[in-house]
Amino acid sequence: MHPDAKHIDHPADPSIDRWSEHVSGDGSVSEALRPGVEGKLLLSTLDPDEIRSVPIGETEEIVCEPRLNNVKHLNRYLAGIQTRLVVGGLFRGNVETSEQRRRRLLNKYPVWYSWLYYPLDFVFKRAFPKLKLTRWLYQALTKGRNRVFSETEVLGRLIYCGFDVVTVRERDNLLHFTARKRGEAPKSEELDRGIILKLERIGRYGLPIIVYKFRTMHPYAPYLQEFVYERNKLDSNGKFRSDFRITAWGRWLRRTWIDELPMIVNFAKGDLKLVGVRPLTPHYLGLYPPHILALRLQAKPGLIPPYYADMPANFDEIVASEARYLEAYNRSPLKTDLAYLGRVLINIILRGARSM
């Protein structure tokens with residue numbers, strides 16, 4: 001679990017310990033579904049098709065004891081569990097995250113060997129599934145077993161499949177979670193986990209646009225925006241504080257602006273202009289005061305935001321900076337964009353301003 005993430009322990013449930021006596025670590029038990037106590041159901045199967053025998057919308061709580069790493073079609077599995085729960089019903093499970101796997105492998109072997117083995121494991125388990133040229137080979141060799149998920153991806157998949165994350169904690173080098181079913185139909189389609197992302201943002205007049213960027217966050221990170229905001233709020237730079245969704249190499253890509261190179265496609269298509277406020281998600285736009293939001297939605301977003309001209313220190317100053325830019329742009333578009341572009345270049349070249 002990422003050290004900066006804020007998580008909440010939930011009280012131990014003795015019924016889970018009683019059920020674990022009947023389940024092995026890989027889920028190989030004679031009965032895939034076992035009734036628990038007080039309307040709970042112990043789930044020892046990792047096959048989405050076997051869940052179909054559970055009545056829809058009648059179970060108050062489902063506990064999956066085996067690690068979710070061995071589920072081949074995880075979204076379909078989670079969606080199947082979601083439909084079997086009553087609205088507000090709980091799902092408890094566990095998974096070994098990528099960070100926990102790293103710790104386990106580095107501690108398992110002698111130091112010299114572990115530091116040779118782990119890079120190969122990282123390439124095969126993390127890179128091969130994401131590249132189209134190697135994805136087929138990975139699937140052929142692993143049959144979808146022993147998959148590696150980041151903490152962000154697991155929690156994001158839960159939200160994507162119709163749950164709200166209630167509690168998360170680490171125990172025995174596994175991530176244990178409790179999720180609550182929302183009152184909506186679940187999604188089960190797999191999202192693209194490739195290197196180039198297609199992100200839905202809000203453009204001019206409030207219309208959705210697709211923005212292209214190199215991936216800097218773990219898969220399914222956008223679905224955790226509200227989760228991260230509620231627990232961590234915003235940092236002084238207007239970004240989410242302690243945002244564990246960002247990968248280590250993603251932070252480097254952001255500092256060098258390499259992650260934004262694919263947005264040139266948006267510029268060529270006319271979705272973005274050179275200078276302008278950033279296109280944001282609906283959740284982030286909801287943090288803006290209504291009168292500033294109205295100004296924002298009347299303007300076409302840009303590749304280079306006014307942020308780097310004023311270098312504001314907190315979210316309120318970011319909002320004020322954008323308001324000044326938008327008001328000036330409405331009076332004199334070309335003059336304003338040229339003036340802001342010059343100030344941005346000075347801050348980047350002479351003062352070392354960097355993307356966060």
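Predicted model: local features only at pLDDT ≥ 70, side-chain atom pairs only at ≥ 80, totals over all residues.
Residues are numbered from 1 along each chain as its sequence is written, and side-chain values use heavy atoms, with hydrogens and water left out.

Let me start with the whole protein. It has 14 helices and ten strands, where helices (H or I, at least four residues) and strands (E, at least two) are DSSP runs, numbered from the N terminus. Of the 356 residues in the protein, 49% are buried; buried means under 20% relative accessible area, exposed means over 50%, and partly exposed lies in between, using a 1.4 Å probe and protein chains only. If we take the contacts with a separation of 6 or more, 66% of them are between residues 24 or more positions apart, and contact here means heavy atoms within 4.5 Å.

Now to the aromatic rings. A pair of aromatic rings is described by the distance of the centres and the angle of the planes. Rings of Phe, Tyr and Trp (its six-membered ring) pair if their centres lie within 6.5 Å, and planes under 30 degrees apart count as stacked, over 60 as edge-to-face and the rest as tilted. How many aromatic pairs does a search of the whole structure find? The search finds 18. In one of them, the ring centres of Phe124 and Tyr138 are 5.3 Å apart and the planes stand at 55°, so this pair is tilted. Because Phe124 lies in helix H4 (residues 111-127) and Tyr138 in helix H5 (residues 132-142), the pair ties together parts that are 14 residues apart in sequence. Phe124 is partly exposed, at 24% relative accessible area, whereas Tyr138 is buried, at 2%.

A further pair, Trp257 with Tyr308, is edge-to-face, with 5.6 Å from centre to centre and 75° between the planes. Trp257 sits in the loop between helix H8 (248-255) and helix H9 (264-269), and Tyr308 in helix H12 (residues 307-310), so that the pair links distant parts of the chain, 51 residues apart. Tyr308 is buried, with a relative accessibility of 5%. Ring pairs also link Tyr109, Trp112, Tyr113 and Tyr117 into a cluster.

Rings can also have a charge over them, which is counted if NZ of Lys or CZ of Arg is within 6 Å of the ring centre and within 35 degrees of the ring normal. The charged end of Lys273 sits over the ring of Tyr329, at 4.1 Å from its centre, and that of Arg343 sits over the ring of Tyr340, at 4.9 Å.

Next, helix packing. Axes are lines fitted to C-alpha atoms, for helices over the stretch in contact, and angles run from 0 to 180 degrees between N-to-C directions. The axes of helix H3 (residues 98-108) and H4 come within 9 Å and cross at roughly 150°. That makes H3 roughly antiparallel to H4, since angles under 35 degrees count as roughly parallel, over 145 as roughly antiparallel, 65 to 115 as roughly perpendicular and the rest as oblique. Residues that meet across this packing include Arg101 and Leu105 in H3, and Trp115 and Tyr118 in H4.

Helix H11 (residues 290-298) and H13 pack with their axes 10 Å apart, at an angle of about 50°, which makes H11 oblique to H13. The contact is made by residues including Ile292 and Leu295 of H11, and Val319 and Leu326 of H13.

Ser321 belongs to helix H13 (residues 315-331), is buried at 1% relative accessible area, and, not counting residues up to four places away in sequence, touches Pro306, Asp310 and Tyr340. Ala221 is found in the loop between strand S8 (208-214) and helix H7 (225-232), and is buried at 0%. The C-alpha atoms of Ala221 and Thr152 are separated by 6.0 Å, although the two residues are 69 residues apart along the chain. Pro305, in the loop between strand S10 (302-304) and H12, is buried at 5%, and the residues it touches, not counting those up to four places away in sequence, are Gly276, Arg278 and Val344.
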